[in-house]
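Keep the model open beside this text.

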Amino acid sequence: QPVLAVVGRPNVGKSTLVNRILGRREAVVQDVPGVTRDRVAYDAQWAGRRFTVVDTGGWEPSATGLQGSVAAQAELAMSTADAVLVVVDASVGATATDEAVAKVLRRSKRPVLLAANKVDDERLLADAASLWNLGLGEPYPVSALHGRSSGDLLDVIVGVLPEAPRGDRLGTGPRRVALVGKPNVGKSSLLNKLSGEERSVVDSVAGTTVDPVDSLVELDGQTWRFVDTAGLRKRVQTSSGAEYYASLRTKTAIDASEVAIVLLDAAEPLAEQDLRVLTMVVEAGRACVLAFNKWDLVDEERRYQMVRELERGLVRVPWAEKVNISALTGRSVRKLAPALRTALASWDKRVPTGQLNGWLADLIAATPPPVRGGKQPKVLFATQAGIRPPTLVLFTTGFLEAGYRRFIERKFRERFGFEGSPVRINVRVRE
Ligand code: GDP
C-alpha cells in the first residue's frame, strides 16, 4: 500500500494530526523532541483507500541541530514515501526551520502537501494563506486538535497517493489449485481419487461456470477449482518434445493458480525435475503444499533416507505445508484440504503496520544490519505492501545483504507464521 510521510518541526502538532488521520485508532506518543519511539508507521484508511502513515518524528534527529535534522527528515521522507505531508504551525507562521524544510521539499518529484495547522477558527485563515510563501503550493488549513477540515485534507491525500497495486483484492469463487509434479508421480490418480464419487455433486453447483480445462472438486465441504487439468485426463503421448510440453503445462497451471500442490514421489529420491517445479511455484509467488505420494510404498528404511534427503533438497521451501498421502489407497488424502486452507490463509494474510514495526524495531536493536563500506545501514520502517504473496518493503538508508534479508525473513516467519506461503522482502534504499 502507498506510503505518506509526515514531516515538520517539533510542536507544530504533527502527532495530533497523525492521530486525526488515523481516526485515533492508534495512540501516538506526544511530539517531544529527542524521544525515541518504537513505532513510526501506522495503517490508515480513508474513503475506502488504505495507506501507511509514517511519522518521521520517530527517525532519531541527528546531532546537526534542529534545522538540520528536520531537513534530513524531509530528505528521507522524499526519497522513501509516495507523498509527503509537511505540517506548519499557522499561528506562528513560517520559521527558519520551516523554510529549510520547504527548500528541500521543493525539489521533490513526489507530491508534497502543505498542512497549515492550528487554524482553530476562521480568523486564522489569513495566517494560513501567508504560507503560500513557502513555495509548496496551496496551504490546507486544518485544526488537528479540533478536527477542523481534516476530512478535506484526507480527501486531498488519497487523491495524490498512487493506487494500490491490483491483484490485492480477494477473488471470489472457488480457490484455484494447480496440481503439478513430474510425470508418473500420480497426478491423474490423485485427481481421480479426489473427484471420484463427488463429481456429480460438484457439477451441479449453482451459478458456477466451469472452464472446460478446469475441474471443480469438492473437498472437506469446500469447492476448489483445479486449474488446467484437461491434460491430466487425456494422456497425450507425443514422442518428441513431450518434456517441453509437460513443463509448459506446469507453468501455465501454476500461473493460473493461487496455491499449488506439488506432488513428489516418496518412494524415490528427490529429482532435478521436482526441484524445477518447486522453483516455478516459488518464483510465481504461489502458496505451496508438498504432497509426498505413494506413501504406501515407503518402508522404515526409506523413511530414514528421506529425512536427510529433504533437509538438503527442500532448503528453499522450509515453510511449505507437507502431507504424506497415497493416491492409490486414499490414505491421508483428506489432509490436503486443511493444508491448502492453511497455505492460502498465509498467502492472504496482512500484518498491520504498527505491529510489524514494533517487532522490527526490537529485532534490529538486538541484531543490527552488518556494516558495509564502513557504514551502518539503518532500517527506518517497514510496511507490508501487498498480499498474494505477502510482500514486505523495508525502507533503509543502505543496502542490506542477502544474508541479513534471509535473517529478517526467518524471524518474521517465527513471529507471524505464514506457513505455506512464500514471503517477499523488498528493500527500498534512499538515493
Ligand atoms: P501422472 O503422470 O503424474 O498423472 O501419474 P499417474 O497418476 O498416471 O500415475 C503413474 C503411476 O503411479 C500409475 O501406475 C499409478 O497407478 C501409480 N500411482 C499413483 N499414485 C500412487 C500411489 O499412491 N501409490 C502407488 N503405489 N502407486 C501410485
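The expected span of a helix is 1.5 Å times one less than its number of residues. Helices (H or I, at least four residues) and strands (E, at least two) are DSSP runs, numbered from the N terminus. Residues are numbered from 1 along each chain as its sequence is written. This is a predicted model, in which local features need pLDDT of at least 70, side-chain atom pairs count only at pLDDT 80 or more, and totals for chains, interfaces and linings use all residues.

Start with helix α11, residues 300-313. Its 14 residues should span 20 Å at 1.5 Å a residue, and its end C-alpha atoms are 20 Å apart, which agrees. Burial is counted on C-beta atoms placed from the backbone: a residue is buried if 20 or more others lie within 10 Å of its own, exposed if 12 or fewer, and partly exposed in between. By that count, zero of the 14 residues of α11 are buried, so the helix lies largely in the open.

Now take helix α2, residues 65-80. Its 16 residues should span 22 Å, and the end C-alpha atoms are 22 Å apart, in agreement. Here the buried residues are Ser69, Val70, Ala71, Gln73, Ala74, Leu76, Ala77, Met78 and Thr80. An α-helix has 3.6 residues a turn, so residues three or four places apart point the same way. What covers the buried residues of α2? The cover includes strands β1 (3-7), β4 (83-89), β13, β14 and β15 (424-429), together with helix α3 (96-105). Contact means that the C-beta atoms of two residues, placed from the backbone, lie within 7 Å.

Step back to the whole protein. It has 14 helices and 15 strands. Of its 431 residues, 40% are buried. Among contacts between residues at least 6 apart in sequence, 73% join residues at least 24 apart.

In soluble globular proteins, nonpolar side chains tend to be buried together. A nonpolar core is a set of buried Ala, Val, Leu, Ile, Met, Phe, Trp, Tyr and Cys residues joined through C-beta atoms within 7 Å. The largest one has 62 residues, and Leu4, Val84 and Val86 have the most contacts inside it. This core draws at least three residues from each of domain 1 (3-160) and domain 3 (353-429). Another core lies apart from it, with 47 residues, among them Leu179, Trp224, Ala339 and Ile408. Look at Val84 itself. Leaving out residues up to four places away in sequence, Val84 touches Ala5, Val7, Ala77, Met78, Leu105, Ser108, Arg110 and Val112.

The domain bounds come from an automatic or database domain assignment. They divide the protein into domain 1 (3-160), domain 2 (175-347) and domain 3 (353-429). The contact of domain 2 with domain 3 takes twelve residues from domain 2 and ten residues from domain 3. Two elements, β11 (287-293) and α12 (336-348), each give two or more residues to the domain 2 side. The largest share, four residues, comes from α12. By class, this side has eight nonpolar, three polar and one charged residues. Ala, Val, Leu, Ile, Met, Phe, Trp, Tyr, Cys and Pro count as nonpolar, Asp, Glu, Lys and Arg as charged, and the others, Gly among them, as polar.

Turn to the ligand. A residue is near a molecule if its C-beta atom, placed from the backbone, lies within 6 Å of it. Which of the 16 residues around the ligand come nearest? They are Gly186, Lys187, Ser188, Ser189 and Leu328. Helix α6 (residues 187-195) gives the most to this shell, with three residues. The shell has six nonpolar, seven polar and three charged residues.

Some backbone details remain. Alanine 47 has a positive phi of about 50° although it is not a glycine. Its place is in the loop between β2 (41-46) and β3 (49-55). Is alanine 47 buried or exposed? Alanine 47 is exposed, because 10 other C-beta atoms lie within 10 Å. Aspartate 228 also has a positive phi, near 55°. It sits in the loop between β9 (222-226) and α8 (230-233). Aspartate 228 counts as buried, with 24 C-beta neighbours inside 10 Å. The peptide bond from arginine 388 to proline 389 is cis, with omega near 0°. Proline 389 lies in the loop between β13 (379-386) and β14 (391-396).
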